[in-house]
Amino acid sequence: MPRVTPSPDSEQAPSSGVVRTLPTVRDEEALVAGLRSGQAWARGALFDRYAPDVERILRRILGYEAHTDMADLVHDTFVQVLASFQHIRDAGALRGWIQSIAAHTAYRTIRSRRVRRWLRFWEPSQIPEVAIVGIDPDVREAYRRTYQLLDRMPAEERVVFVLRYVEGMDLGQLAETCRVSLSTVKRRLARAEGRFSRAAERDEVLRTWLKEGGRWPT
Amino acid sequence: MADLKRLSELGRVIADVSDATRDLSTLPNARRRFLSLTTEDKAPQYRFSAKRIALAASFALACGALITAWVWPTSPAISFEVGEHRSKGSVGQWVAPTNESPLDVRFSEGSIVNVSPGGRLRITETHSDGADLLIERGTINAHVSHKGESTHWRLRAGPFEVRVTGTTFSARWNPETETFELAMIEGSVIVSGPRIPAGRAVVAGEQLIVSTQHMELRAGTTPASSASANVAVPTPTEVLPVATPAVTLSPAATSTTLPSANPVEPGAPIEATWKTLARAGKHKEAMAAAEANGFSAEIAKASPGELLTLADVARFSGKPAAAKEALIAARKRYKTKGATAFLLGKISADQLRSPGDAALWFETYLKEEPGGPLAEQALGRLLEIRKRDPGAARIVAERYLARYPMGAHAALARSLVEK
């Protein structure tokens, strides 16, 4: 079922008794127009429609880290969206463009984390345990070690690797999200795959996952 | 390079864990903040928040520190004096008593090393935080001053190495038998060498005897905190006795069979090592350390938490039988039910390839914790095991669907019910 957002003038006439056609999820044109004209509803609609994508991309690229406030990063991403939505020519490309800003926010965060760690002499390899019950301990260990490896990868390779293998983007989406050519994204992904695989090969838990899958055949 | 299909499978698992562990308050918090922005706030390309200013200040400070460290002369290496007349010592030269009296080596930062008659020591390097010592033969008694976290002393004897950060100990090296002995008076050190490649902690009150062929550890043979009992331990403020009394080391340097007045149970001192390695995620090394002293002996004295850690160490280093031993010990000795049964099921299914045992353990888990956090997974694993037997599979599938109609194995369960 399509989600419904209020029409641009619904706030002025909330109870007129008139049935109005409301913009649906397909109306990105209306959303962009609403943002351009400073309509109050548009900002809320923008957030509600795209924030789950933004949060998911940030979370999956960055992993869990005690010093990162994810709400802060989601907020930062939308602030950047607001700051630059005038550049959007094709409203249909809004989702890809927002995802691209989210990926870039994650990239900047990885870079700034590294500077921060260096400045604070903080031990970078200590990925906190994921505090949740109900997850198979082996899976949890694989998760923790995967982010340990990702933490040692160059930021741009980490981003492209996670978007491909965790987020499940195809090469075209990857190129669009990373704002690079298809050939560049292929090269970058190949480097990331090689780097991750070599490191995983040296890790006793991930090696099993990559050679035999998470489980041995029963 | 890894199979890309496997990478994708791992990626999907990571995505699932990430989604399952997401903080549900993130979006409401971000939404509230975003919608509270005023029109003027909406395009802050560069925000000079307190956080940014603090970061910039930290960066400036770090740069300053780097420049200072580069320009400023580095701290000088410590110096040392030898003997009663305090002759200035030279790095690389031998220090050896010429008569029946021991010889002191006093370092400028307060540490003292006493070389017993017949012994020969070489100070191979000095730096601002300590020195490297090499026992060529004989016995030394040392008190190393702890001046902070940076204190770094290293003692070598043949193929053995002792890392010291501030402690009091006696050490002896016999090059003929290639036997190294260490008696700890205060503090702790890490010893590494041929039989202990991963390193081994030796703490106050313990005595280690190790050669290329043999290793033995004893507890209670040295006073834990005092140098007064039978050990000549120099301190920075006292004058060393002229004759060195017998140290806690064995009477004969050639002997590796010391009087076993108070032999320690195998495994006691290694505990710190395998635990430390396990905490660092070095499961293979932790397993090797635990096995070096007897895995079963470790199990025999482990607490419930340690047993689970030992089981993890064994599982992750590819020793499922050892993991099973630890988990069964936890169940028998401490009645640790539930998760141990689930893990035993996993080990049986995934590593020991024993689906019958696995099914029993998953059923056990479901009996012990029917509403437990791993119940859905246990039932799902049971379903996977039983799927080759249509009758049994159908019963499990119905159980699964009744409890988890939207669960991860629901599609498999439906397909088995509809068969």
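Helix α11 (residues 375–386) of chain B has twelve residues, which at 1.5 Å a residue should span 16 Å, and its end C-alpha atoms are 16 Å apart, in agreement. The expected span is 1.5 Å times one less than the number of residues. Helices (H or I, at least four residues) and strands (E, at least two) are DSSP runs numbered from the N terminus.

This is a predicted model, in which local features need pLDDT of at least 70, side-chain atom pairs count only at pLDDT 80 or more, and totals for chains, interfaces and linings use all residues. Residues are numbered from 1 along each chain as its sequence is written, chains are lettered from A and ligands numbered from 1 in the order in which they are written, and side-chain values use heavy atoms, with hydrogens and water left out.

**Chain B as a whole**
- Chain B contains 13 helices and 15 strands.
- Of its 419 residues, 45% are buried (under 20% relative accessible area; exposed is over 50%, partly exposed in between; 1.4 Å probe, protein chains only).
- Among contacts (heavy atoms within 4.5 Å) in chain B with a separation of 6 or more, 50% join residues 24 or more positions apart.

**Helix α11 of chain B**
- Eleven of the twelve residues of α11(B) are buried, including B:Leu379, B:Leu382 and B:Leu383.
- The buried residues of α11(B) pack against α9 (339–351), α10 (355–368), α12 (390–403) and α13 (410–418) of chain B.

**Helix α1 of chain B**
- The 17 residues of α1 (residues 4–20) of chain B should span 24 Å at 1.5 Å a residue, and the end C-alpha atoms are 24 Å apart, which agrees.
- Buried residues of α1(B) include B:Leu7, B:Leu10, B:Ile14 and B:Val17.
- An α-helix has 3.6 residues a turn, so residues three or four places apart point the same way.
- The buried residues of α1(B) pack against helices of chain A, among them α2 (40–62), α5 (137–151) and α6 (155–165).

**Helices α8 and α9 of chain A**
- A:Phe196, A:Ala200 and A:Glu201 in α8(A) meet A:Leu206, A:Arg207, A:Leu210 and A:Lys211 in α9(A).

**B:Glu109**
- B:Glu109 lies in the loop between β4 (103–107) and β5 (112–115) of chain B.
- B:Glu109 counts as buried because its relative accessible area is 16%.
- Its side chain reaches the backbone nitrogen of B:Ser111 at 2.8 Å.
- Leaving aside neighbours within four places in sequence, B:Glu109 is in contact with B:Ile78, B:Ser145, B:Lys147 and B:Trp153.

Technical notes:
A polar contact is a pair of N or O atoms within 3.5 Å; within protein, one must be able to donate a hydrogen and the other to accept it, and residues adjacent in sequence count only if both atoms are side-chain atoms.
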